Amino acid sequence: NFIMSDYDPNYVPKKQYFLVGGKAVVLNKSGKILVLQRSEKAGGGGKWSIPGGALEQNENPIDSIKREIMEETKLEVTDVKPFSFKSYSHEGDSILIIGYTCKESPGDITLNREHDNYKWLTKDEALKLDLTQDGKYFIEQFE
């Protein structure tokens with residue numbers, strides 16, 4: 001319970017800064033999830049994940065995840081909706097990841113240097129892979 005004597009009119013809350021990123025569960029017409037295998041040139045080489053990356057300054061979060069998917073796969077997506085969140089600390093940084101669902105606009109996938117391979121899988125199939133922590137979390141959260 002709040003007691004008036006606890007109130008400090010000079011109290012200024014410490015600013016908390018977060019690095020903000022996004023991860024996307026991209027679905028195809030069959031409802032399968034796009035998973036990407038990290039290349040040795042990128043962090044987490046060999047592990048599987050889902051498209052995503054960091055929000056850039058003054059960037060709208062929806063535009064950011066669309067940009068990241070385009071950069072990583074050359075796919076356009078529609079129906080982008082946030083569905084889950086994850087926050088944690090990593091090497092002194094506070095990180096907030098927004099999980100999105102979206103639908104692919106059918107097209108050919110062209111991977112950039114961050115990934116070596118991709119698959120369209122069911123949720124259960126995807127969860128059997130050696131996934132990054134964030135990739136696993138958002139696939140698990142997806143209904």
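Predicted model: local features only at pLDDT ≥ 70, side-chain atom pairs only at ≥ 80, totals over all residues.
Me: How much space lies in the largest pocket?
Reply: About 590 Å³, where a pocket is an open set of points on a 1 Å grid over the protein atoms alone, with protein on both sides within 12 Å along at least five of seven lines. Of the 25 residues that line the largest pocket, having an atom within 4 Å of a point, the closest to its centre are Lys23, Tyr88, Ile95, Ile97 and Asp134.

Me: Which element gives the largest share of that lining?
Reply: Strand S1 (18-27), with five residues; strands are DSSP runs of E, at least two residues, and helices are runs of H or I, at least four.

Me: Changing topic, how many cavities of 30 Å³ or more are there?
Reply: The count is one, a cavity being a set of points where a 1.4 Å probe fits but cannot get out. About 50 Å³ of space lies in the largest cavity, a volume being the space filled by probe spheres set on the points, which are joined across faces, edges and corners.

Me: And which residues line the largest cavity?
Reply: Among them are Val20, Leu55, Pro61, Ile98 and Tyr100, and S1, helix H1 (61-73) and S6 each give two or more residues to that lining.

Technical notes: Residues numbered from 1 in each chain as written. Heavy atoms only, no water.
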